[in-house]
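Please walk me through this structure in the viewer. Tell me what to select at each stop and what is there.

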Amino acid sequence: MEDDAPVIYGLEFQARSLTAQTAETDAIRFLVGTQSLKFDNQIHIIDFDDENNIINKNVLLHQAGEIWNIGASPADKEVLTTCYNKTSDSRVVSCAAVWRMPTNWETGSHESPDDSAHNPQTLELLCHLDDSAHGNAACVLWEPMGDGKRVISLADNHVLLWDLQESSTQATISSTAMLEGKGQLKFTSGKWSPHHNCSQLATASDTAIRGWDLRTMNQIYCIDNAHGQLVRDLDFNPNRQYYLASCGDDCKVKFWDVRNIQEPIKTLEEHSHWVWSVRYNHSHDQLVLTASSDSRLILSNMVSISSEPFGHLVDDEDLSDGEDNHQEDKCKEPLKDSVVSTYEEHEDSVYAAEWSSADPWLFASLSYDGRLVINRVPRTLKYQILL
Amino acid sequence: MDSRGYNSPAISAELEQPPIAMEAETPASEDPGRKRRVHGMLKLYYGLNEEGKADEEPQSLDPCDINGPHFDPEHYLNKLRKECSLAELMDQETCMVKQIRSLDSDMQTLVYENYNKFISATDTIRKMKNDFKKMEDEMDCLSANMAAITDFSARISGTLEDQHAQITKLSGVHTLLRKLQFLFELPARLNKCLELQAYSQAVSSHRRARCVLQQYSHMPSFKGIQDDCHAIMDKLAQELRQKFRDGGSSAKDLSECVELLLQLDEPAEDLCEKYLNHAGSRLELDLQSLEAEIRPSPPGPALKDSSTRRPSPSVTVGSPPDGTAKTSALPSPSSNTDILEFIDRGCNEFVSSLCLVITSYQELFVNHAQTGELASKNIPQMANSKLHAFVDDLAARYFSLVERRIKEEKGVADNSLLVRALDRFFRRLQAVAKLLPGSSVPQQGTEIVIRAATERVKQYLAALQSFYMDSLTDVRQALATPRLSLAAPGAGSHFGGSTSGRDAPSSLPELLSSLSASILNQIKSVLASVHLFTAKDITFSNKPYFKGEFCCQGVRESLVVSFIKFVCQSSRQFCESAGDKGGSTPPALLLLLSRLCLDYETSTISYILTLTDEQFLAQHHNPVTAVTALCAEAREAAQKLLNHYVKVQGLIISQMLRKSVETRDWVNTIEPRNVRAVMKRVVEDTTSIDVQVGLLYEEGVRKAHSSDSSKRTFSVYSSSRQQTRYAASYTPSAPMDTNLLSNIHKLFSERIDIFSSVEFNKVSVMTGIIKISLKTFLECVRLRTFGRYGLQQIQVDCHYLQMYLWRFVSDENLVHFLLDEIVGSSAHRCLDPAPMEQSVIEVICERG
């Protein structure tokens, strides 16, 4: 904790997909999926030893194809989903599947971390989330804070809600929704809202953001032209149920109140190229992480639209970790929104950034050339938020 | 000298003469000392030493001082004998003998002269004695004669006394009789006067008799007369009042009337009231007729308007170009009279009669009353306060009318008319100010003028702004119409015909120059119009407001500076409101505006402000917006516009590239035979953008080209680098190895900011656009999977881009780098990476 210097880890392959192991609240652990057309793709399990500033990694083989999207089950540490590309007969198909990690992956790699001859273990396929009628899967979303029984997959222009049964070995579509409109509409990304009893979903397609009610599978709102160009990613504010962040190819990050979709409540224009990922901190929603293909990662402090616009007023409801952050309540001057820090450790486009599920002050980012960088929120800011 | 000391006895004055005369003969060298000494000795001799006390005191105690009063010869001799040698004693003796001798001769001369004077004085006294004796005799004779005359006179008056008393009595009776006759004739006379309407004569007659009648009213005969008179006078007063009330009479008659009534002890307060009411009703009529002019034409006359409309004021004023004519052509709401005419009527009718009323009122009730017996009753004060209230009330209504009228003056073209009207308005109010020194009327008038001026400045600002927006719309249209719009000179004519070549196609530089020229012209004409407010011959221009605040705050800040700010701001809005699609604003307009703002920054702003400062000679008391601040703002706007232009153009090309990558099945494509059409389109568009930017911006600097820029091959990716990457076996232990080359490459090349700020030159703009386009290409490629021929197609496309794009950018390595990345990434994303031979690629690209 004493050292604020970033920790860098390099993968052998190019990579786009990154997730924190959601169900893991003790160890700082990230999952990275690689992209390679020639070799077996891998899932790297990155453990960060916070005390010693050391990264431990384990590799699992993902032989089905290159990974475009990865998601960890919120309930079961060992279950994850991927979206991957499969090439067969000169055709490229995107699929999605639920996997289970082998139980002993951890012990196996610790013995000989540098042994290249060591044969990595393979993921165990639980079930496919495929329905040939519904086209290519773009991403899979777990029900936030759920019991790991429900997932949504976005395939072309369909929203598919799956029920996983029999310890996830069987998946059945419980309901579907379809995006209709002119031209070839495709979902690029989506996010399952943790609010409203997990009954809402937001999706991005082209320049629009749409909200869905999962009970009726109907569209509940649509922000047309949310971004000038393609919308790349979304995230819900974990503490304010109507607040939503989005980012896209117009280099902007926008914050929306879905009750009033005419205008964004805030717009950030800090990146100099497309913004690929936006993530709220799970506990302190003023901290927003954005990753862009200008090779930069930016941490912003959006106090004015956070749930604590006057600083730390109420006790944290720590959603993701058991750490006690109880501090005395203090009234503070309204703070100003600002860019906390710009991280320039990447040399290539950064396509993914994630907060750790175990330590709210820690985050990882992944650039296309396979570089994973783990950073911390600057300590001054951390104390400012806490005290 | 000491002469003022001795002028008491006449003789001492005489005695003074000789020493002076003697002095003149003595050598000049020891003059003052000796004279003093001689004088002192003489004084001593005559016992006059008390005056010279101060002088003598220091020497007086020394017994050896031969000139001192305490001189002791014995002591002196002893001292001499003791102290001096024989020779010295001899000398002393001769000196003393000489002095004694000279003193003796002085004495002799004095005695002689004084003796002569005594002799002549004795003669004179004797002569006088004789003359006085003769005069005494004559005086005795005179007194005897006077006594005789007195005696005679007493006798004459004694004889005449009786007759004189009789005559006096007779004349007294005569006067009394005349008075009585006057009294008896008074009723008849009054009646006659009444008949002849010679009211004033009647009143004065009655006034003369009134006291007497009052005094003797206990006698029946006089009582009768008094009653008669009263009756007549009542009738007269009645008549006068009637006349007063009728109001048909002229002001002079009226005032005469009031004067008489006052003399008849009519209560002054009532009269004031009545007088003012009366005057008020007439002024009311004036006001009503004025009011009628303000809104005479709701819908009805408005229709007539078009046919009966007098030549528009703007024509007479001749404020210049078509632009203003356009704004002034809006029908002004009150079309019947222009404002000058209105104010003229207001001044001539209302203000002048108001002045008349004030003067006559003051004449009657204030000045007149002060002299008469009415002064005691505080009438002047009462009358004055009434007058003030009256004037204030009427003036307030008049002002509200004027203000309403001024508010209707919306058209901007006819400023001189307004200024002249205001001037007249203001000037006429000065008359009121002179008449009524304490009145708040002129103050309010000044405020109205100031308000009107500020309002006018606001209108000009609005007019300038709308003119600017109209010009932009015109430019937009001109840009939208095809280049060869020979048949549409209309676009050019909007700009005051300032462009000579209006037949030429509206190219960007011409549009820019005509736009900025027309804006400048407009500003100048507006300044000229506003300048009228401060012209020398305008009365109110020397008010402190118009000298200082109006020039500084009004014109400079809220007109000129605001307009410049508006230009910048509206320009900036094009960047923001145009939406992220950039669809609504044509890119060329962005470019043009950016250049406009840049020109403003470099020269126009300082020119305009200098012009303003010169014209208005403003001494800036309050801090004003500095030129530099405005320039910075303009520059910022220019930068923003140019950045936005780059972004918009970049996005247009990006969109083409993205569509072309996304919609193709790269795995199952056929072997490339030629460059894809979209690449040609990209190059074409880039070229035309280059031409467009080149019209308005300078070339800019670029790094030196390598000699064979277009021939460069992608050797790095096609062989060695690719091989290294893929040859490396899967080695989890050495995570950095495989990326080493690419990372090293990146280490040495600077980080590229894609949507970064550009400089104000062509090369920088083009670099920005190409950067955006190629980065999009790269990102799109990374999202796809390629087959062998897909990769080869990308190779061909990139080579083609390479051949043409390098020339546009400042640093061709940038293009190389990005294209390398594209081809590298697509090779990476290729299922079967078998690059095409460089020679083949070249052949294909040569073929086009």
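In which sense do β2(A) and strand β3 of chain A pair, and over how many bridges? Select residues 28-35 of chain A for β3 together with β2(A): the two pair in the antiparallel sense over six bridges. Strands pair here if DSSP finds at least two bridges between them, and strands (E, at least two residues) and helices (H or I, at least four) are DSSP runs, numbered from the N terminus. Within this pair, S17(A) has G33(A) in β3(A) as its bridge partner.

This is a predicted model, in which local features need pLDDT of at least 70, side-chain atom pairs count only at pLDDT 80 or more, and totals for chains, interfaces and linings use all residues. Residues are numbered from 1 along each chain as its sequence is written, chains are lettered from A and ligands numbered from 1 in the order in which they are written, and side-chain values use heavy atoms, with hydrogens and water left out.

Next, show the whole sheet: five strands of chain A, open, in the order β2-β3-β4-β5-β9, with mixed pairing. β2 (14-20) and β9 (121-122) of chain A are at its edges with a single partner strand each, so one side of each has no neighbour in the sheet.

Move on to β11-β12-β13-β14 of chain A, an open sheet of four strands with antiparallel pairing. Select residues 150-155 for β12: β11(A) and β12 of chain A pair in the antiparallel sense over five bridges. A137(A) has A155(A) in β12(A) as its bridge partner.
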